[in-house]
Each structure stands twice: as structure tokens, then as C-alpha cells.
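Q: Can we go through this structure together? I'd like to start with the contacts inside one chain.

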Amino acid sequence: MHEYSLVQSLVTRVEALALARKATAVHRLVVSVGELAGLDPELFQTAYDTFRTGTICERAAMELRRVPARWACSGCGRGIPKGEVLTCPDCGLPARLSAGGDEILLETIEMEVP
Amino acid sequence: MCTTCGCGDTSLVPVDVHEKILAGNDRVARHNREHFAAAGVLALNLMGSPGAGKTALLEATARASGGRWRLGAVSGDLATDNDARRLEKAGIPSRTITTGQGCHLDAELVHASLHGFAWKDLDLFFIENVGNLVCPAIYDLGQAANVVALSVTEGEDKPQKYPVMFKGADLVLITKCDLLPHLEADVSKILDGLRRVMPRPASIQVSARTGEGMDAWIGWLEARRAGMARGTGAAAHAHDHDHGHGHGH
């Protein structure tokens with residue numbers, strides 16, 4: 001259950017960014033989660049809703065955007081369907097993962113500033 | 001202030017961040033990596049299920065390497081220091097990182113474990129992660145490579161069930177191969193599964209008990225050591241932050 005420690009990292013980061021801009025409140029967060037990021041989006045949402053109490057994120061809803069993981073040949077770009085061998089049948093080169101497919105990113109913070 | 005009429009109300013602004021949530025961990029991991037590289041220490045993150053044979057593999061590594069390297073290890077463990085004691089007995093100076101309820105190691109825990117530990121004198125530094133095929137996969141510790149132990153008793157479909165863990169592996173050690181005659185497990189199915197989750201599949205079949213495959217594993221370690229950029233031993237890394245401790249750099 002690393003979802004709770006990830007929420008902790010998220011809230012700490014939001015606090016620092018809000019403080020730097022002298023924000024008085026945070027209203028909304030947008031976080032993108034790659035399909036192969038190793039994070040269960042529902043568990044993460046639950047962890048966030050539990051952990052945000054008493055933090056600057058207390059009244060900030062979190063919007064989770066799911067980013068699909070797509071594999072393609074690192075040479076010719078041919079798509080490799082999920083579950084297939086991750087080597088291009090044409091070039092023999094290893095597949096590469098699409099951008100964001102394995103990342104957890106804090107995209108946007110909506111904050112109230114003076 | 002409100003820019004429409006200057007009434008003094010606060011305004012709501014969207015701030016684009018586009019930053020990894022684990023950016024803080026990754027920063028400490030980079031710091032660890034610089035330390036290891038500067039000291040010429042090959043650091044490996046050894047992961048796998050509970051009972052995959054990680055500790056036995058390290059014990060066998062000490063035997064098979066025949067004293068050619070100075071080995072050291074830290075072991076992540078929820079509650080005991082059994083692994084570190086076993087490793088010490090096998091001649092590998094070791095520390096336990098007790099994680100309590102924590103299911104994984106992070107870069108900060110590894111960094112803290114280096115204090116007071118003569119890690120700079122080592123050739124190979126094993127970070128034996130908490131037994132778990134999920135959480136450890138996403139935390140960079142500053143290792144040079146990820147090694148995943150997968151035992152033949154765990155089920156042939158584990159690579160496809162835990163793609164995130166195997167996707168990030170530089171090498172998979174298929175352990176407990178001495179048990180194969182007693183099992184219905186088909187190693188070719190494990191290898192096929194690895195090809196579907198690892199873009200650059202690499203694996204070695206080993207047995208810590210019989211020593212099978214240990215030569216190939218030692219050869220892999222030798223190649224990694226040879227390929228390492230040798231550090232000067234000087235403080236060649238940047239400190240972009242305060243850290244109020246000393247570990248001799």
C-alpha cells in the first residue's frame with residue numbers, strides 16, 4: 001500500500017508550491033496516472049480523501065486523469081498490442097512506452113492567491 | 001488581488017506544475033547514485049516476492065564470488081533483522097532497514113542507512129528490498145540496476161501479473177531451479193511472459209542450493225562492474241540541498 005506515502009508526497013509538494021505563491025487556499029488538483037505507473041487510481045483517490053484532512057488540500061478535489069500505456073517499436077514506430085512480445089516483428093528492436101504511460105504527474109493546482 | 005475591478009478579493013489561478021509526484025524521492029536517489037558512482041560501488045536493487053530467495057541468493061553470491069569482491073548489503077524488513085544476520089554470517093557486512101508497516105524502501109531510507117556504514121569500501125552493494133512485487137517497483141533508490149528474483153514455485157504467469165515490476169528489471173534471476181524436477185512449472189512459459197513485459201528481456205536460471213547458474217550471474221556482475229564509469233573518489237557530485245550529516249564526502 002504505497003498509495004498513502006504517495007499522497008503524502010503529493011500534499012507536501014502542493015503545500016510548498018502554494019506557500020511559494022502565498023496562496024490562501026487550494027481548490028483543485030489535477031493528477032495524471034499512467035496505466036503502468038504502478039498505482040491503483042481508486043486506492044489513490046481513497047488515500048487522498050482520507051489523508052487530505054487537516055492539510056492545505058482539505059477542500060481541494062483531486063481530478064485523476066488516466067493515461068494509457070501504449071507500446072511501439074523504438075525504431076519504426078509500429079504499434080505493439082498489449083500482451084504481445086515487446087520486440088518489433090519487423091526490425092527486432094525493443095519496444096518503447098508512450099509518454100506518461102508509466103508516470104504519476106502532478107499536472108495542475110488551482111489555488112486562491114491574493 | 002482581483003484584476004477586474006481591484007476590489008481586494010483573491011483570485012483563483014490554475015498553476016501548471018507537470019512534475020512527478022515522486023520528484024522528491026528521485027532527487028535523493030540521484031544523490032545516492034552520484035555517491036555510489038564516485039566511490040566506484042556497484043549498487044543493485046534486489047527485489048522479489050517474500051520467499052523468492054533473495055537472501056539465499058546473496059549468501060550463494062558470497063560463496064560463488066570466492067572473495068574477489070568486497071560485498072555489503074542493506075535489507076529492508078518489516079519487523080526482523082533475520083536477513084541481515086544471515087548475510088553477516090555469510091560474510092556480507094549488512095544492515096537492516098526496519099520499515100515497520102512500510103511495504104517498500106525509498107531513496108531517503110537507503111541514504112540514511114549509509115551513515116556509519118563503510119559502504120565506500122565496497123565493490124558491490126546490494127539493497128535487498130522488502131519482499132513485494134508491487135510497491136518497490138516505483139521507487140528509485142539510486143541503484144545502478146534492478147535485479148528481480150522470481151522463483152519457479154511462484155507461478156509461471158507472475159511477469160504478466162506484475163508488469164510494472166518486471167518492466168523495470170535489468171535482470172531477472174529465476175531462482176530455486178533445483179526444484180524444477182519436483183514441479184510442473186514450465187520455465188519456457190516464464191521466459192515467454194518476460195518477453196511480453198520487458199522490452200529488453202534478460203534472465204538467468206539459478207539455484208542458490210546447487211550453485212547452478214551462479215557462474216552466469218557472477219559473469220553478469222563482472223560485466224556491470226567493468227562497464228561502470230570509475231569515479232575519482234573525490235566529491236564529484238553536486239549538492240543542491242542542505243544535508244546536515246556526514247558520511248565522508
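Predicted model: local features only at pLDDT ≥ 70, side-chain atom pairs only at ≥ 80, totals over all residues.

Q: What elements does chain A have?

A: Two helices and six strands. From the N terminus on, the order is α-β-α-β-β-β-β-β.

Q: What does the C-alpha trace of chain A span along its principal axes?

A: About 55 × 30 × 15 Å.

Q: And how much of chain A counts as buried?

A: 33% of its 114 residues.

Q: Let's move on to where chain A touches chain B. How many residues does each chain put in?

A: Chain A gives 32 residues and chain B gives 29.

Q: Which elements of chain A give two or more residues there?

A: Helix H1 (3-20) and strand S6 (104-113) of chain A. S6(A) gives the most, with 10 residues.

Q: What classes of residue are on that side of chain A?

A: There are 17 nonpolar, eight polar and seven charged residues on the side that touches chain B.

Q: Back to S6(A). Which strand of chain B does S6(A) pair with?

A: Strand S1 (residues 11-20) of chain B. The two pair in the antiparallel sense, over eight bridges. In one of these bridges, Val113(A) has Ser11(B) as its partner.

Q: New topic: the open sheet in chain B. What's the strand order?

A: Seven strands, in the order S4-S3-S5-S2-S6-S7-S8. The pairing is parallel.

Q: Why do S4 and S8 of chain B each have one side without a neighbour in the sheet?

A: Strand S4 (94-98) and strand S8 (203-205) of chain B stand at the edges. Each has a single partner strand, so one side is left without a neighbour. As for twist, the sheet averages 20° from one strand to the next.

Q: How many bridges join S2 and S5 of chain B?

A: Five. They link S2 (residues 42-48) to S5 (residues 124-128), and the two strands run parallel. Leu42(B), for one, has Leu124(B) as its bridge partner.

Q: Which helix lies across S2 and S5 of chain B?

A: Helix H8 (residues 214-227) of chain B. H8 also lies across strand S6 (145-151), strand S7 (171-175) and S8 of that chain. H8 runs at about 150° to S8(B).

Q: What about the largest nonpolar core? Which residues have the most contacts inside it?

A: Phe125(B) and Ile127(B), in a core of 94 residues. H1(A) supplies the largest share of this core, six residues. In soluble globular proteins, nonpolar side chains tend to be buried together.

Q: What does Ile127(B) touch, leaving aside neighbours within four places in sequence?

A: Its contacts include Ala43(B), Leu44(B), Val74(B), Leu105(B) and Leu141(B). Asn45(B) and Gln143(B) are also among them.

Q: One last residue. Where is Asn132(B)?

A: In the loop between S5 and S6 of chain B.

Q: Is Asn132(B) buried or exposed?

A: Buried. A residue needs 20 or more C-beta neighbours within 10 Å to count as buried. Asn132(B) has 21, so it passes.

Q: Which residues is Asn132(B) in contact with?

A: Cys103(B) and His104(B), leaving aside neighbours within four places in sequence. Ser203(B) is 71 residues from Asn132(B) in sequence, and 19 Å away in space, C-alpha to C-alpha.

Terms used. Residues numbered from 1 in each chain as written. Chains lettered and ligands numbered in written order. Pairing = 2+ DSSP bridges. Helix = DSSP H or I, 4+ residues; strand = E, 2+ residues; numbered from the N terminus. Axes fitted to C-alpha atoms, helices over the stretch in contact; angles between N-to-C directions. Contact = placed C-beta atoms within 7 Å. Buried ≥ 20, exposed ≤ 12 C-beta atoms within 10 Å, placed from the backbone. Nonpolar A, V, L, I, M, F, W, Y, C, P; charged D, E, K, R; others polar. Core = buried A, V, L, I, M, F, W, Y, C linked by C-beta atoms within 7 Å.
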